[in-house]
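Biologist: I'm new to this one. Walk me through it, please.

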Amino acid sequence: MGVQEDPRPSGGLHGLYGVQFAGQSLYSDDEAVKTSIMDSSTCESQEGVGSSRRLLIRRLWQQRPPCLKPIHCSLSCDKHVGETIANVVTSLPFIVLGLQTPRKNLNTALYANSLIGVGIASSLYHTSRGEIRKYMRWADYTMIATSTLCLSRALRDENPKFLMAASTLLLPFQPLMVSAIHTGIMEVSFAKRASIEPELKMAHNLHKMSSLLGGALFIADDVFPQTSYLHAAWHLAAALGVSTCNKLLE
Ligand SMILES: [Zn+2]
């Protein structure tokens, strides 16, 4: 493995939900065992069934599969120089897409710039090594979340102001949640537009296929961390998905 980082980093951004290291649960195994022993003794004497249920939920949460943990492509991508080159090369289409995105108004211009930012942040993350890498990863995920927020704004100016303000505030701390919410808004807009504008049908079908492929590759990248180039393939599927979204802005 080309890049091996300390699996228990301290300080900085570590510990924020969005930058928690995959494979590391909120509790260490020992702590989890201690917690469960303490919890089981107190629950019997004090709260009974309610505590047991909470304990069961906590145990299930701790034992959830890696694909349900917040950050993917954790420590295993960029295993060797070839994979780093593939990851950087497959980040470049986002810069090209950003340059091609129609800039009709401030919102679309912000979205176009955010795509260029995604390509740059991704390239920097994949080429970074050592202590700075975890900050670069945070920048990479935050930039992706920023672009989903900008796209949702560019597509739907009538998004509730509270949602947009809350998303902006949450960007640095919960990038995955912001990405999920605004990707959802974009998917609904795309499906609605495709249902009334037949010329968007083709782009929407391509978008659905690339989203499914991207989702499968995202999970595969996490489940098979030793398999090279899965992350680069995910970059390509995501870039294809983004290119179809540009049809909505034309
Ligand atoms: Zn990447």
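**Helix packing and the core**

Biologist: What do the buried residues of H9 pack against?
Modeller: They pack against helix H8 (175-196) and helix H10 (230-245). Helices here are DSSP runs of H or I, at least four residues, numbered from the N terminus. This is a predicted model: local features need pLDDT of at least 70, side-chain atom pairs need 80 or more, and totals for chains, interfaces and linings use all residues. Residues count from 1 along each chain as its sequence is written.

Biologist: Which residues in H9 are buried?
Modeller: Ala203, His207, Ser210, Gly214, Leu217, Asp221 and Asp222. Buried means 20 or more other C-beta atoms, placed from the backbone, within 10 Å of the residue's own.

Biologist: Now the largest nonpolar core. Which residues touch the most other members?
Modeller: Of its 34 residues, Phe94, Tyr111, Leu115, Val118, Leu151 and Val242 do. Such a core joins buried Ala, Val, Leu, Ile, Met, Phe, Trp, Tyr and Cys through C-beta atoms within 7 Å.

Biologist: Which helix gives the most to this core?
Modeller: H6, with eleven residues. H4 (92-100), H5, H6 (133-155), H8, H9 and H10 each supply at least two.

Biologist: What is valine 118 in contact with?
Modeller: Beyond neighbours within four places in sequence, Phe94, Met143, Ile144 and Ser147. Contact means backbone-placed C-beta atoms within 7 Å.

Biologist: New topic. At what angle do H3 and H5 pack?
Modeller: About 170°, with the axes of H3 (residues 81-89) and H5 (residues 106-127) 8 Å apart. That makes H3 roughly antiparallel to H5, a label for angles over 145 degrees.

Biologist: Which residues meet there?
Modeller: Thr84, Asn87 and Val88 in H3 meet Ser123, His126 and Thr127 in H5.

Methods:
A residue is buried if 20 or more other C-beta atoms lie within 10 Å of its own, exposed if 12 or fewer, and partly exposed in between; C-beta atoms are placed from the backbone. Two residues are in contact if their C-beta atoms, placed from the backbone, lie within 7 Å. Axes are lines fitted to C-alpha atoms, for helices over the stretch in contact, and angles run from 0 to 180 degrees between N-to-C directions. Angles under 35 degrees count as roughly parallel, over 145 as roughly antiparallel, 65 to 115 as roughly perpendicular and the rest as oblique.
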